[in-house]
Amino acid sequence: MKVSTRLSLFVCLLAHLSFAGASFSGAPVPEIPGRNEELQQLPDVTGHYGGYLTIGQRAEPKTLNPVTESDAVSREVIERLNADLIEINRSTQETEPALAKSWKTSADGRTFTLQLRKGIRFSDGHPFDVDDVLFSFSVYMDEAIDSPQRDLLIIDGKPMTVTKLDAYTVRFTLPRPYAAAERLFDGFSILPKHLLEKPYKDGTFAQTWSLNTPASQIAGLGPFRLKQSIPGQQIVLERNPYYWKIDRDHHRLPYLDAIVFVAAGSEDAQVLRFEAGETDLITRLSSENYNLLAKEKSRAGSQLVDLGPSLECNFLVFNLNDLSDRHLDETARKQSWFREVQFRQAVNAAVDREGIVRLVYGSRGTPLWGNVGPGNKYWVNQQIPHPKRSLDNARQLLKSAGFSWNPSGQLLDKSGQPVTFTLITSSSNAQRMKMATLLQDDLSHLGMQVHVVPLELRALIDRVFHSFDYDAAIMGLGGGDADPNSEMTVWMSNGTSHLWNLGEKQPATAWEREIDQLMQQQMITLDYAQRKQLYDRVQQLISENVPFVFLAAPNVLAGADSRVGNFHPALLDSYTLWNADELFIRNGGTENAGVR
Amino acid sequence: MPAKHRWHMGRMQISAVIAILAALHLVVLFAGFVSPYDPTVQNRELPYAPPTHLHFFAGDGFHLHPFVYAPTIGDDGYREDRSRAYPLRLFVHGDPYTFLGLFQTKIHLFGVDDDAKFFLLGTDAFGRDEFSRLLWGGQISIAAGLTATAITLFIGSIVGLFAGYFGGWIDETLMGLSELFLSLPWLYFLLGARAFLPLHLSPARTFLLLACVMGLIGWARPARIVRGIVLSSRTRNYVAAARGFGASSSYILRRHILPDTSSALLTQAALLVPRYIAAEVALSFFGLGVNEPLPSWGNMMSALQQYSVLVSYGWMLAPAAALVVTSVTYHMLADSLHSRLESRQA
Amino acid sequence: MTYLLRRLTRALFLLFGVSALCFLFMDMAPGNFFDEMRLNPQISPDTIARLRAQYGLDQPLPIRYEHWISSALRGDLGYSIAYNVPAGPLVWTRARNTLLLTLTAATLTWIVSIPLALWSAGSRGRFLDRAIALLTSIPIAVPEIVIAIALLAIAVRWRLAPVSGMITAPLQNLSAFETLRDLSAHLTLPVLVLVLCESAIIVRHLRASAVEVLSAPYIRAARGLGIGPGRLLFRHVLPAAANPAVSLFGFSIAGLLSGSLLVEVIFGWPGLGLLILDATLSRDLFVVMAGIIFSALFMLTGNLIADILLMGFDPRIRTEAAHAS
């Protein structure tokens, strides 16, 4: 760049900084982009420097260590501090180059050769190269560390291999072809070898980068770096002056001087803080709170967005596990009802999905008849039937399965026993509790007596995954990636999340066997159109045989203060902060704002 | 004011308070009759409907016989459908219920024709009548609260009496036990209890469980308070005198020491009953409370934990208001009893 | 002296007993920390099992208890599984925040309650007494959670006070005075809730026992002697009526660490209660144990102070105890 351009750039920068709103004292100035840096340009992004955002969180983050983290709150902070090789753009749901500026896939889909960006530095100024990538993946795959993310790198029981080709080229080899494998790289933060190699060798890796770690010992490639952490209260991130993205006018991102995360508590506390102007962004609102905020006069001008159906699904699952060596005779007896596909189809027909969407989600939700909802635009099977609720159909189905009714309207099974079972759900999830009450009422119209029992979360998990001591449960799934591979373990009959029948050695039914084959097939098929066909058939089988009675999915609701620019919330985690490097503070605060 | 007048006022006051309490309990006892609807019936088209207004004035002037309009939902919330007026009737036929657990009947105290609804206190998230739920819920809540309080105070006063009166190692052991009780993590115990109990409990068993769990956990504080009082009252002159006359310990405990603790016990009772009724909210979190669809004041108040409900649907505060009214009336009863006891002692 | 020694031994036994029972209870509760990972279809049960083994969660109960006791006696209360930091210091930093809240609330409570109760007793039967009786009924009758949320709603509507947290974000370089002012602003709401609920109880108990004392002959004699109502109430009635209040004072101290859970949850105050609740629900064993030990210590201290005060206020108890031992 010519000297005069550089100088004018510098002057512009200073000008922007001085006109910025509430500027954060001592914020690092972004480095002028150097000639030898291979930066990623975002041609549609524009904004100006200065200001900070306050974000409220449900709880406080537990750790800043990307390898050991296991909760969404910590992840929200960690992902602002780190970057991945390939990222999934939350808005388009497609992969984009990140730290890897380009990559080549081999014809059989097993090998990925990635070209890394040259000249980039960590947030402490130390240069980045392929050794950091190798180090990071060796930590992720280390059995002694037991990272929760390790399983993603193990395919068919064999780990990926990572090879260094030169200082800026790395090759990943998979044990077998894996569809959309590049999506795996999103979420694997690249660690600084110069800071973490020693603790790793000393065996104290799990204790590094906790909330007590001084900021000087933490460095990453993300848009922000840690400035200060006050446990229990707030975490302050400041701009990373070496961040490797620039905007349309070659200004180095991020625009914001700082982001402050505060532990605001429950959703209601967050809404209150947002309403009072103490926080600037809010996400995953319930529809009541959304409507409340929309009405609040003081927040007029806030950008409240209803993004449409999320990728979550909520469903009812019946216990079809093999109970032969457990002393659960009562439940085993009831399984004779649950195993009848017509029984499950009858329940499916009797559910008032429209009522659930209206009463639980305040009409900001979508009914679901299959495991993929309309929010997942690339994979949803549009041909799946969406029958209206029909108690007559349900009764027909029950009759053909051998059920009958006694004079007082109770449903009786073939041996004359009344049909009654318990329905468990997590007491901390208010929406599912409401769905349970609605279901209980729906099924009472069929003569079934359903007892709703709320359970604390881990007690629920213990029953559903370990002891199998339950009749039916309302659970949720999803919120991860849109790709079907993320749900392999749910639909494969030997999968570890195959909720209705865990620990199956062989598929118990013909349709489960077919699903096994289809899922295996789609996992190694590289062509999207072919995968879609296979997965469509899977969805069809699921909706016909009803292992889960799908209920509804909430819409993603998010909000931002009117001063927040480039606010583009998305359907995938992290809904509002995925483009934190593009967010900026508008001066004046009322231009282009409005409720959509 | 002369003592005689004070005593008369006290008597009037007690009668008034007893009358209010009796009315409250009768209404709750006859919940099936007084409430117009079944508390579990959902009206899904009418969630969070505001209380129905009783009208006395129509286009043609004043009507002695009040009437209501049917509620409908418009774009901006609930409106009244003024096309037809439904008079309020007495002794109507409505949803069937079991009268005092004895026989089935359909007669309710008041109601309106089926096309309209009379929601005296509005509806909840599922369109269920809050007033009916309030009355039915009061049955189990008040009963459980009273029973749990009785259990707690019974155990607490016995422990406190023994510890305070006999002193020495009995005192040490009992107080040590109470300290143990106070420090244990009851949340874990509740979690464990939930794991051992069968998933579904009948309403009767639920009630017993609630009363026992709450009652057994809370005895430590009243025990300490009672012990403190007994420690001082056992040194009184009349106790020494009674002992000198050869009275046994149990006689002394019963006739002299127990009355000294009465004021503290009454105050504790007044404070524990509402606390136990509200504690059911926490118990439901573990699945140990009254489960859907049955109402109880505790599980109705869990809806109030949401800020949006509190702010937008004020009628949902009904169970809290009912709890306040009940507790305040019990407090006034306790106060009146207490002043009668004092005036008797004076 | 021997009395203190006896209490100390009792305290030690209690701490052992509590810790053992806690371990037992925690074993009875289903599930462990890593169970939540089971809900994620992309984490295998093998990884979860290995994580459990890494933290020693799959060992039998007596061995785990023995490990904990031996390290606790050396001052190491174990590690938090969630935070991966030592449990003791973690619990202590939060405990400090809670103490700030509860000490302020307790001080204000007692300063307010004692005069209120005595005046109410002094003017018994008259309007002031009835008004106070009614006013104190309400915080007792209304569940604490409803009071807290109602105050929160009012504060939000009228922007009266900061609604949650302990400090305003972000931590700029505020002067000491400004920090103090900010802290007081954030303390307002939670302290208000605590004071309302606690003082109602104390006022009722104290008033009830003061009324009893007021009808005693020696009080009437004192009044006949011309002693003014203020001096009468505070110097003569209070010591005699103090008995239930002393036990309550003991509870105040005992509950310094454990009594503010609800308020902390609703107002987002980063205190011990919130940490322990979270740790209990996520089965973060050592944090819960550390919290219980800390709370038990406070409870023992509170009861000890209450017992000493009881003897102090009522000389008859003292002489009885002296005779007995």
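Residues are numbered from 1 along each chain as its sequence is written, while chains are lettered from A and ligands numbered from 1 in the order in which they are written. As the model is predicted, local features need pLDDT of at least 70 and side-chain atom pairs count only at pLDDT 80 or more, whereas totals for chains, interfaces and linings use all residues.

We can begin with the strands. Helices (H or I, at least four residues) and strands (E, at least two) are DSSP runs numbered from the N terminus, and two strands are taken to pair if DSSP finds at least two bridges between them. In chain B, an open sheet is built from three strands in the order β1-β2-β3, with antiparallel pairing. β1 (55-58) and β3 (77-87) of chain B each have a single partner strand and stand at the edges, so one side of each is left without a neighbour in the sheet. From one strand to the next the twist averages 60°, where axes are lines fitted to C-alpha atoms (for helices over the stretch in contact) and angles run from 0 to 180 degrees between N-to-C directions. Strand β2 (residues 61-74) of chain B is joined to β3(B) by eight bridges, and Pro71(B) faces Glu80(B) of β3(B) across the pairing.

A hairpin is also found in chain B. β4 (residues 89-99) and β5 (residues 103-111) of chain B pair in the antiparallel sense over seven bridges, with Leu90(B) opposite Phe110(B) in β5(B). Three residues lie between β4(B) and β5(B), and Leu100(B) in the turn has a positive phi of about 55°.

Turning to the interfaces, residues are in contact if their C-beta atoms, placed from the backbone, lie within 7 Å. By this criterion, 50 residues of chain B are in contact with 50 residues of chain C. Elements of chain B that each supply at least two residues to this side include α4 (168-183), α7 (220-233) and α9 (249-285), and α12(B) gives the most, with 10 residues.

The contact between chains B and A takes 22 residues from chain B and 24 residues from chain A. Here α5, α9 and α11 of chain B give two or more residues each, and α11(B) gives the most, with four residues.

How values were computed: Contact = placed C-beta atoms within 7 Å.
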